[in-house]
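Dear colleague,

I am handing over the structure below, and my notes on its pockets and core follow it. Please read them alongside the coordinates.

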Amino acid sequence: MGTPRTDWQQRLESLGFAFHTIDGQPYWREDVHYVFEADEIDQIEAATSELHALCLEAVDRIVRAGRYAELGLGDRAAALVERSWWDREPALYGRMDLAYDGHSPPRLLEYNADTPTALFEASVAQWYWLQDVATDADQFNSIHEALVERWRTLPAASHVHFAACYESTEDALTCDYLIDTCLQAGHRATALDVEQIGWSGTDFIDLDNAPIERLFKLYPWEWMLAEPFAEHLPQTRLRWFEPAWKMLLSNKAILPLLWEYFPRHPNLLPASRRRTDIDGAVVRKPYWGREGAGIVVLGKGETGGASAEPCIFQAFSPLPVFDGRHALVGSWVVGNAAVGIGMREDADCITRNTSCFVPHLFR
């Protein structure tokens with residue numbers, strides 16, 4: 001348990017965090033917080049680094065074998081993935097969702113590798129909470145510093161455009177925060193709504209008709225490929241954040257391939273595109289579901305019937321429960337390094353966009 005700061009709403013809003021409450025219900029909680037032991041943080045950090053390395057190896061194997069159909073990707077997507085992978089286009093960040101009870105090894109539930117949410121909460125909001133309530137404690141959180149350093153790997157004084165759906169308060173805050181980290185790294189930055197990006201016939205352009213050379217897009221690749229402008233994607237040498245090869249990792253169909261490539265790995269759960277391959281309870285997940293959408297838990301022997309979209313099945317791994325709340329570890333990767341965590345919780349085992357964010361510390 002914990003005691004909320006008396007003016008916690010105002011403190012969060014002063015940071016730009018305006019969606020601490022959603023539809024009258026708390027999204028941010030500080031009446032409680034999670035306390036870790038140092039060795040538990042070490043386990044999470046090591047597991048995240050190991051899993052990220054496995055994921056990169058899986059991408060390489062998929063590209064070399066051309067196994068795109070198993071991830072539901074067509075020829076256009078496959079060509080973009082291949083070009084970005086062979087060009088070694090750098091990635092910025094991602095968030096792994098882990099089931100971890102403090103005893104068994106952390107297990108990967110999914111990798112939010114393209115447009116992960118809860119970044120500002122993990123990087124900024126919980127850090128300021130720690131400074132206010134527990135200055136003698138520490139927190140697994142070097143996300144901000146890692147982002148700034150990651151931007152510094154670009155050529156000096158680069159110009160990076162940032163695009164999001166700015167009508168979404170959360171997307172706007174996330175994009176503006178990333179712009180700040182980019183500016184701190186010494187680059188120029190221009191913000192655009194996704195709909196403001198134009199096409200000149202040879203380049204994607206901004207509102208001043210200037211070609212866009214580097215673009216961070218808080219817009220999923222699968223949505224981009226469904227847009228009318230998708231036909232132009234192969235024609236440009238624009239550098240994307242996140243790069244197109246992240247389509248493989250942000251797709252839940254990567255989970256069966258990870259299990260195939262690295263069977264019985266302690267940080268993975270059995271997964272398959274066929275329900276009959278996994279005995280016992282499973283979680284059925286759509287390839288491109290986001291924020292808990294379309295996720296169904298099926299008991300032993302249950303098939304769930306036909307699904308309207310392609311799905312995978314992953315062995316059910318219960319989340320630890322504290323005071324009736326199911327706790328999920330969101331472990332952040334910047335570049336290739338594990339750099340921090342954010343805790344989410346809900347009344348059941350499915351984590352949604354409304355699931356509460358709860359700060360953490362360790363001593």
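The lining of the largest pocket divides into 22 nonpolar, 13 polar and 13 charged residues, where Ala, Val, Leu, Ile, Met, Phe, Trp, Tyr, Cys and Pro count as nonpolar, Asp, Glu, Lys and Arg as charged, and the others, Gly among them, as polar. This is a predicted model, in which local features need pLDDT of at least 70 and side-chain atom pairs count only at pLDDT 80 or more, while totals for chains, interfaces and linings use all residues. Residues are numbered from 1 along each chain as its sequence is written, and side-chain values use heavy atoms, with hydrogens and water left out.

A pocket here is an open set of points on a 1 Å grid over the protein atoms alone, where a 1.4 Å probe fits, with protein on both sides within 12 Å along at least five of seven lines, and lining residues have an atom within 4 Å of a point. Of the 48 lining residues of the largest pocket, Glu110, Asn112, Arg290, Glu291 and Gly292 are the closest to its centre.

The structure holds zero disulfides (pairs of cysteine sulfur atoms within 2.5 Å). For Cys182, the nearest cysteine sulfur, that of Cys175, is 10 Å away, and Cys182 is buried at 0% relative accessibility.

Best regards

Technical notes
Buried < 20%, exposed > 50% of the residue type's maximum accessible area, 1.4 Å probe, protein only.
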